[in-house]
Amino acid sequence: MKSIPLNSEDKSLINHYIEHPSSVDFAKPKDALCGIILEEEWFTACLQELVDNKIKVFELKWHQAKKNYLLQTGLEDYSKAKRIVASHRNAKGKTLNIAIWGAGNVGSALIDLILSNPKEWLSNHGVHFNIFAVTNSSRILLDKTGLEADWSKHLSQGLEHISSKNLLIAYSKHYELENLVFIDTTANATVASYYSELALAGFDIVAANKIANTNTQKSYDDFRKIIQREKKSFKYETNVGAALPVIQTLKQIIASGDKVTRIRGTFSGSVNHILSSIRNGTADFGAAVRDARTKGFTEPDPREDLSGKDVARKLLVLARTIGYKLDLDDIRIKALIGEDLSTLDLESFLVEVDVLDDKFKNLFLEVQDGYHYVFAADIRLGENGIEGLEVGLQKIHGDSVLAQLSGTDTGFEVYTKAYGAKPICISGAGAGIELTARGILSDIFTLD
Ligand SMILES: NC(=O)c1ccc[n+]([C@@H]2O[C@H](COP(=O)([O-])OP(=O)(O)OC[C@H]3O[C@@H](n4cnc5c(N)ncnc54)[C@H](OP(=O)(O)O)[C@@H]3O)[C@@H](O)[C@H]2O)c1
């Protein structure tokens, strides 16, 4: 680590902020114009980055003999602008200043992935990462010079988690950090409620957390308006199917002028695992549920998975991605377990769940002629909007990719007008810590 988690300048800034939360104004006086030279060969890319960072440009003059531009900015933007220009002049790549909220499984894997290969990120993507903030639910670590491999030790000694969103904004402003990216690897609603303010403060947002996309339609619309108005990016590929390219495929279909007519998928790796155990005759329902839980495939309480609610949330994310307005309550969910089992305490549930063994055994015996039962999410779209929207068991022909998945894999069929009766199919591991971290990294590299 180049510095202790908080150096003395950071500490006095933070103490000041905590003592006077509403009175902090880090802006410097705007009493002069400052000139910066921009060479012709990297002028366009550099100017774009200056504009993306809301650097105020008061004047731009072309010098024919020197083949360069003189850009005049205000004193308040001068240091940030100078740093951006210097990184272009020295071909150091674009510095992304990253804040990661939620150093749990995925967040930690992402930090380690980013720190593992700086040369590759620079040579293949032209990006230099500076992770300047990281949190868990109780601590925050801030270091404007960037985290290094021993970051987790320093996080455990970091500052207690006080109004950390405001602190993050104040810190990034005070140190005039450019190209800000906020990454949400929590599953927390309060963190999701920060996004609008962060976008206003200049952050692009990348979220593994689904909450902003599954809130009410009104709060979803309000947030999207802010992102659009502020010309910021919001990426969320890992909300559905971890690193599988589901969201980007849907966006490409729309960008090509085609129309999605149906999305059908099995989005829950844990439920797929349970159902394939029954289908293969390796376990009855109750035993399969306990086995999936022991292996860590389900949530600690497997009823979270069996209720179908998380699958419905993912369906909502996909439906909104292709432009439909709806709320979670609009989705009809036929859970795999009934009300009676839902209200038991966890220990009793894990015993009582065996009452469903015969029901599932008989159900699976019933299916013949190459059909299978899968736990599917399904949205059907017609000329007049949504024609069907449900989550539950579906009898699906064995030819479908959804009937061929094994273990915890997930699958998606996307039907469109142009592709007709043959869907675009995407399948593979729909969860996993390393894969999800890679999905987030890909979102960062493709920020608009
Ligand atoms: N795991 C996967 O395969 C996968 C796949 C796709 C998407 N996702 C999504 O990725 C997200 C993270 O999953 P995970 O498996 O990494 O979960 P996790 O291990 O439980 O990590 C969550 C992290 O968020 C932190 N946190 C909670 N509330 C916070 C707050 N208010 N402020 C700051 N930090 C807070 C937790 O802190 P503590 O450590 O102090 O509790 C923890 O470090 C979830 O939204 C999940 O749905 C996961």
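**Sheets, helix packing and ligand shell**

An open sheet of 7 strands runs in the order E7-E6-E5-E4-E8-E9-E10, with mixed pairing; two strands pair if DSSP finds at least two bridges between them. The model is predicted: local features need pLDDT of at least 70, side-chain atom pairs count only at pLDDT 80 or more, and totals for chains, interfaces and linings use all residues. Residues are numbered from 1 along each chain as its sequence is written. Helices (H or I, at least four residues) and strands (E, at least two) are DSSP runs, numbered from the N terminus.

- The edges are formed by strand E7 (159-160) and strand E10 (234-235), each of which pairs on one side only.
- Strand E6 (residues 139-142) is joined to E7 by 2 bridges, and the two run antiparallel; Arg139 has Glu160 in E7 as its bridge partner.
- Helix H20 packs on this sheet, touching strand E4 (94-101), strand E5 (127-135), strand E8 (180-184), strand E9 (203-207) and E10. The direction of H20 makes about 155° with that of E9 (axes are lines fitted to C-alpha atoms, for helices over the stretch in contact, and angles run from 0 to 180 degrees between N-to-C directions).

**The sheet of 3 strands**

- An open sheet of 3 strands has the order E1-E3-E2, with antiparallel pairing.
- Strand E1 (33-39) and strand E2 (57-63) are the edge strands, each with a single partner strand, so one side of each has no neighbour in the sheet.
- On average, neighbouring strands of this sheet are turned by 20° against each other, direction ignored.
- E2 and strand E3 (residues 68-74) run antiparallel and are joined by 6 bridges, with Val57 opposite Thr73 in E3.
- Helix H2 packs on the sheet and touches E1, E2 and E3; the direction of H2 makes about 145° with that of E1.

**The H2-H3 pair**

- Helix H2 (residues 43-52) packs with helix H3 (residues 75-89) at an angle of about 150°, their axes being 10 Å apart.
- H2 and H3 are therefore roughly antiparallel to each other (angles under 35 degrees count as roughly parallel, over 145 as roughly antiparallel, 65 to 115 as roughly perpendicular and the rest as oblique).
- Ala45, Cys46, Glu49 and Leu50 of H2 meet Ala81, Ile84, Val85 and His88 of H3, where contact requires C-beta atoms, placed from the backbone, to lie within 7 Å.
- By class, this contact of H2 with H3 comprises 6 nonpolar, 1 polar and 1 charged residues (Ala, Val, Leu, Ile, Met, Phe, Trp, Tyr, Cys and Pro count as nonpolar, Asp, Glu, Lys and Arg as charged, and the others, Gly among them, as polar).

**Strands E11, E13 and E14**

- Strand E11 (residues 260-266) pairs with strand E13 (residues 371-382) in the antiparallel sense over 4 bridges, and Arg262 stands opposite Arg380 in E13.
- E13 also pairs with strand E14 (residues 385-397), antiparallel over 12 bridges; Tyr373 stands opposite Lys395 in E14.

**The ligand shell**

- Of the 25 residues around the ligand, Gly102, Gly104, Asn136, Ser137 and Ala208 come nearest; a residue is near a molecule or strand if its C-beta atom, placed from the backbone, lies within 6 Å of it.
- Helix H4 (105-116), helix H8 (189-192) and helix H20 (433-445) are the elements that give two or more residues to this shell, and H4 gives the most, with 3 residues.
- The shell around the ligand divides into 9 nonpolar, 16 polar and no charged residues.

Methods:
Contact = placed C-beta atoms within 7 Å.
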